[in-house]
Amino acid sequence: MSVLVDRDTRVVVQGITGHQGTVHSRQMRQFGTTVAAGVTPGKAGTDVEGVPVFNAVRDAVEATQANASCIFVPAPYAKDALLEAVDAGIRLCVIVTEHIPFHDMLVMYHYARSKGTRIIGPNCPGIASPGKSKVGIIPNVVFQPGRVGVISRSGTLTYEIVSGIKEIGLGQSTCIGLGGDPVVGTSFVDALPLFEADPDTDVLVMVGEIGGTAEEDGAEYIHHHFTKPVVAYIAGRSAPPGKRMGHAGAIITRGKGTAETKVAALEAAVARVARFPYEIPGLVADAARGARR
Amino acid sequence: MVKLAEWQGKNVFRKYGVPLPRGAVARSPDEAETAVRDGKVPLPCVVKAQVLAGGRGKGGAVRFANTPEEARTAATAILAMEFKGEKVREVLLEEKLPIGRELYLSLTLDRTLRLPLLITSARGGVEIESVADTEIDRQAVDPFPGLTGYEKRRAAQVLGLSGTQARSLERLLDSLWNVFQHEDAELVEINPLAVVGDGIVALDAKVIIEDDAAFRHPEYAEIRDDRTELEEVAREKEIAFVQLDGNIGVIANGAGLTMATLDVLKELGGAPGVFLDLGGTDDPKKVTEAFLLMARAKPASVFLNIFGGVTRCDTVAKGLVEAMHQVPPNDRFPLVARIRGNNEKEGIEILRSAGVTSVSDLRASAEAAVDAARGRL
């Protein structure tokens, strides 16, 4: 078992004929993912390195039984791409595209949710389960199969941390990059239960950032519902107080949202909070020894 | 984000039918006096500095005038001001209305609920952070039906409005909702919203437009934010670039890795001075431009920390080597590099041939960058 993706995952890449779509379709296949189809309007009948291209997601699903989508479509068209995937019956959509207006994402999120589709992202590196499947852009080299789960709001910092886990001889069960945008399809609170239920995950690494209150909410969930050992890290402790989103923003997050409040919430809920990325592998090893009992 | 000045925000409000005081913008004392003499601004009037910082009233940036001459005097004084570090370029002159109560109203995003939030309080005219939570009402608004009748009625009730005033509020809320959605706003705030006779009037306007929606709002492209000159150049080149107080330049890719790098440098006693996030790029030219931009900020040392994903290590190395040829001798800086990930070997080899060593340990490389900034490399 793994989280959200496995060997039965059949990916349709939306925007496959673009540079990033092509490069990452290739890397997904090298990882072992079944890339069943690509979609680019107007390019039906062609192929990208052997992957058949369709005009519409619905056509791709009918012809190839694709069941997950990876979206590389540029921001102005990303909303339409997501709605199309949802309407074609896709129930897992990874949105790699960055700079999607949050007003679009609000509509995308609530529409997807009403139809039972999970979104990961936007502006995210995606999800990977070594030895099974990857939907997204996390470099293949950082992974090896193992029993450490990773949930992160970052992109490259996730690669750094996952790579660090591999360097001490451990591997990953599933790694999810949630994306750093104000509105994301899957947050810590949404992802944590999946790892709690996953028999392949012994230890969880949670990587957060300053901004918003997703880490505090995650810490609260861990405190009440999560039974596996967690190693947490928050990036941005030294950042100067950010440009605030006006006064209204301040009263929503009242007393939350800074590095201090996040670290404090996590320290209350999690035994192992790393101060710097290079402390993570040691804490993971320590937690893994405990978890094996 | 694009923060609109009050007069710009009010121009947007006007387009959507939000009731406003009659007024005019002036960029000189002459313009101010003329606006009053021509009757565009009825007397008595208020003259307000058009700056983004709050607390204008207490700071002397809001004055009153009963005659065109007084309006001129007030405008002269305010246009000569520098308010909280911001040069005053415009004043807004508006009729002084007989104000009843002052209320608070805003629409913004609740990231946790993933819904717009309508915030109302009968305690307007003061900073909303200073108002007790119990006196602030929050309603999450679903974008699918949009703002509903019952939500508007609740807002009126919270604000203590009934009859004609309540109808007036409900119309204003529809306008405000349209501003929020159609202008891709992160924040629309009216504080104070004033009760004037049978109606209500927006005395102030705070509007912040989201950057990511710029592609459908070319009209905001000209509005400058509080960026430094180099930050502005970076923005044009689509490089995230922020100037801080220290002397170490940091070039990384991705916000999280950049922040983590700053954390480590600070812990080791270094002072990050500029942070530059390359983001995802496959283009060595963009990397070269980023380095040249960094050179212009004159850092004491530069720490390059890259984890290659979309941005491949060899792309970064090529761009870096090209930049090293182009940087004027006086602007050269000691460089500590750490590149890992996709095409790592190729990248390290390109750097080595240019005389730059990549250190793979994060702590060790950050220490080297701190030492270099202290002139000890």
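The model is predicted; local features need pLDDT of at least 70, side-chain atom pairs count only at pLDDT 80 or more, and totals for chains, interfaces and linings use all residues. Residues are numbered from 1 along each chain as its sequence is written, while chains are lettered from A and ligands numbered from 1 in the order in which they are written.

Chain B holds 11 helices and 18 strands. Both are DSSP runs numbered from the N terminus (helices: H or I, at least four residues; strands: E, at least two). The C-alpha trace of chain B spans about 75 × 50 × 35 Å along its principal axes. Of the 377 residues in chain B, 49% are buried. A buried residue has 20 or more other C-beta atoms within 10 Å of its own, an exposed one 12 or fewer, and a partly exposed one a number in between, with C-beta atoms placed from the backbone. Two residues are in contact if their C-beta atoms, placed from the backbone, lie within 7 Å. Among contacts in chain B between residues at least 6 apart in sequence, 69% join residues at least 24 apart.

The contact between the chains takes 48 residues from chain B and 48 residues from chain A. On the chain B side, the elements that each supply at least two residues include strand S8 (102-110), strand S11 (185-196) and helix H11 (362-373). H7(B) gives the largest share, 10 residues. The chain B side divides into 21 nonpolar, 11 polar and 16 charged residues. Here Ala, Val, Leu, Ile, Met, Phe, Trp, Tyr, Cys and Pro count as nonpolar, Asp, Glu, Lys and Arg as charged, and the others, Gly among them, as polar.

In chain A, helix H5 (residues 156-167) has 12 residues. From first C-alpha to last, H5(A) reaches 16 Å, close to the 16 Å expected. The expected span is 1.5 Å times one less than the number of residues. H5(A) is mostly covered, with 9 of its 12 residues buried. Among them are Leu157(A), Tyr159(A), Ile161(A) and Ile165(A). Just after H5(A), Gly169(A) takes a positive phi of about 90°.

Helix H9 (residues 259-269) of chain A buries Ala259(A), Lys262(A), Ala265(A), Leu266(A) and Ala269(A). These residues lie on the same side of H9(A) because they cover an arc of only 135° around the axis. The arc is that of the directions from the helix axis to the C-beta atoms. Glu260(A) and Ala268(A) are exposed on the face turned away from the buried side. The buried residues of H9(A) pack against strand S12 (203-209), helix H7 (214-225), strand S13 (230-235) and strand S14 (272-274) of chain A.
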